[in-house]
Amino acid sequence: MSETLQPVRGMNDVLPDDSAAWQSLERVARETFAEYGYREIRLPLLERTELFKRSIGEMTDIVEKEMYTFEDRGGDSLTLRPEATAGIVRACITNGLLHNQRQKVWCMGPMFRYERPQKGRYRQFHQIDVEALGYPGPDVDAELIMMSARLWRRLGLAGLRLNLNSLGTPESRKGYRAELVEYFLRHEAALDEDSKRRLGGNPLRILDTKNPAMREIVAGAPVITDYLDPESAAHFASLRAQLDGAGIEYVVNPRLVRGLDYYSRTVFEWVTTDLGSQDAVCSGGRYDGLVAQLGGAAAPAIGWALGEERIVELMRLQGRAGNDAAPHVYLALAGAAAEAVGLKLAESLRDAVPGLRIETNCGGGSFKAQLKRADRSGASHAVILGDDEVAQQVATLKPLREETGQRHVPLAGLAGELAQVLQARSRGQG
Ligand code: ATP
Ligand code: MG
């Protein structure tokens, strides 16, 4: 026997038992975004490496050590997208979507980062991403946060907390940056290698360190909110007033700087205590300089991204994963005559009862085996068709989840019966 091929480390299969939760997350997200006037944008998984270097920043974990970069056969350096914002901005520029226009868009799909795989942290993971381009805020900042809060409500998720901060503008950050460098220089002996390197290039990155040994020194550093320029301070105050007015709770966390270089003003992160150390489920911020930095006409923008693996895990932990893709009815076919008409019967039932999910037994099997499959399928009812029943033009309708007995139903009346089953189920759920 040949050796079993192993999957790529840190890249997961979403198996059929788990896909219902993914589908319901993605469906609720699509519906919610449409309710706010955000439209889908679909982008390639590959971009030129240069795009991520120029947007995310050379001194970030992503660009320094996490990108899947390779040369294609034509000699171009390409990278599997580690996040969606850069590609969205690139697409808006190259398609002229920001010429006298603004855009509210979303996209979802896989992202790739060469990280150390652990629970909640993978090398291929999935994000749902929303961006508003051309909007200076703070109204749209508030709207984007409200939209995320509505998403948690619609998914039935509890216990998510919002951390909020403002980074000011790149100009106002200069004074802060100088103070920060001075502080870290005074504590240089305690810095790890990454931090020493970043001290010269981008000292704010040090605040974003994941190294527990650095926690104490980071906790003592000066805070950015003391250095905000007046416009950024007003922007932040207005955003907070909007959130207060909408009853959205948050904590101002002056240590929140976010992992990417391009943020300005508003940054935020939704965290949970249910997932252990991978506690951030959704994060975002304003990036007013990025469009111009990538060669477009200057346009302010803001967005957020949620990690689907972490949200799905939260749905599972909180009993919200659901299983709404299971069939309602399992059609068991006992005998050659039943098998000959089974598929056609199922087709006619699907025609007659919109929304009915009916799984037909394929591949034969004993009556007992078929009923076992019916039970495992998650269906609430089995419809059993034997050769005698075909001859008499009846079927047996058997409830699988309650004690009430099975009964014969004329084939002509079966669709009506199943429509009632479906109705009773949706009443029970509603
Ligand atoms: P973290 O601090 O956990 O590394 P991040 O700051 O790198 O997150 P972003 O780049 O802002 O995260 O991505 C947005 C969201 O995507 C995160 O809040 C998280 O839920 C999810 N995410 C990021 N990296 C991964 C990963 N490697 N595996 C699974 N989910 C991830
Ligand atoms: Mg990260």
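## Helix 5 against helix 9

In this predicted model, helix 5 and helix 9, the latter spanning residues 230-245, pack with their axes 9 Å apart and at an angle of about 40°. That angle makes helix 5 oblique to helix 9, since angles under 35 degrees would count as roughly parallel and those from 65 to 115 as roughly perpendicular. The two helices cross in a right-handed sense.

On the side of helix 5, the residues that take part are Asp139, Asp141, Ala142, Ile145 and Met146, and they meet His235, Leu239, Gln242 and Leu243 of helix 9. Sorted by class, this contact of helix 5 with helix 9 holds five nonpolar, two polar and two charged residues.

## Helix 1 against helix 5

Helix 5, which covers residues 139-155, also packs with helix 1 (residues 16-35), here at an angle of about 140° and with the axes 10 Å apart. Helix 1 is therefore oblique to helix 5, because an angle has to be over 145 degrees to count as roughly antiparallel. The crossing of helix 1 with helix 5 is right-handed.

Helix 1 contributes Ser24, Leu25, Val28, Ala29, Glu31, Thr32, Phe33 and Glu35 to the contact, while helix 5 contributes Met147, Arg150, Leu151, Arg154 and Leu155. Seven of the residues in the contact of helix 1 with helix 5 are nonpolar, two are polar and four are charged.

## Two backbone features in loops

Most residues other than glycine have a negative phi, and most peptide bonds are trans. Against that background, the peptide bond from Gly137 to Pro138 is cis, with omega near 5°, and Pro138 sits in the loop between strand 6 (124-133) and helix 5.

Asn100, although not a glycine, has a positive phi of about 50°. This residue belongs to the loop that lies between helix 4 (85-94) and strand 5 (103-112).

## Surroundings of ligand 1

Ligand 1 is surrounded by 16 residues, of which the closest are Arg113, Glu115, Arg121, Arg258 and Ala280. In the case of Arg113, an N or O atom of the side chain is 2.7 Å from an oxygen atom of ligand 1.

For Arg121, a polar side-chain atom lies 2.9 Å from an oxygen atom of the ligand. Ser283 likewise places a polar side-chain atom 2.9 Å from an oxygen atom of ligand 1.

Technical notes. Residues numbered from 1 in each chain as written. Chains lettered and ligands numbered in written order. Predicted model: local features only at pLDDT ≥ 70, side-chain atom pairs only at ≥ 80, totals over all residues. Heavy atoms only, no water. Axes fitted to C-alpha atoms, helices over the stretch in contact; angles between N-to-C directions. Helix = DSSP H or I, 4+ residues; strand = E, 2+ residues; numbered from the N terminus. Left-handed = near helix turned anticlockwise from the far one by under 90°. Contact = heavy atoms within 4.5 Å. Nonpolar A, V, L, I, M, F, W, Y, C, P; charged D, E, K, R; others polar. Near = heavy atom within 4 Å. Polar contact = N/O pair within 3.5 Å; in protein donor to acceptor, adjacent residues only side chain to side chain.
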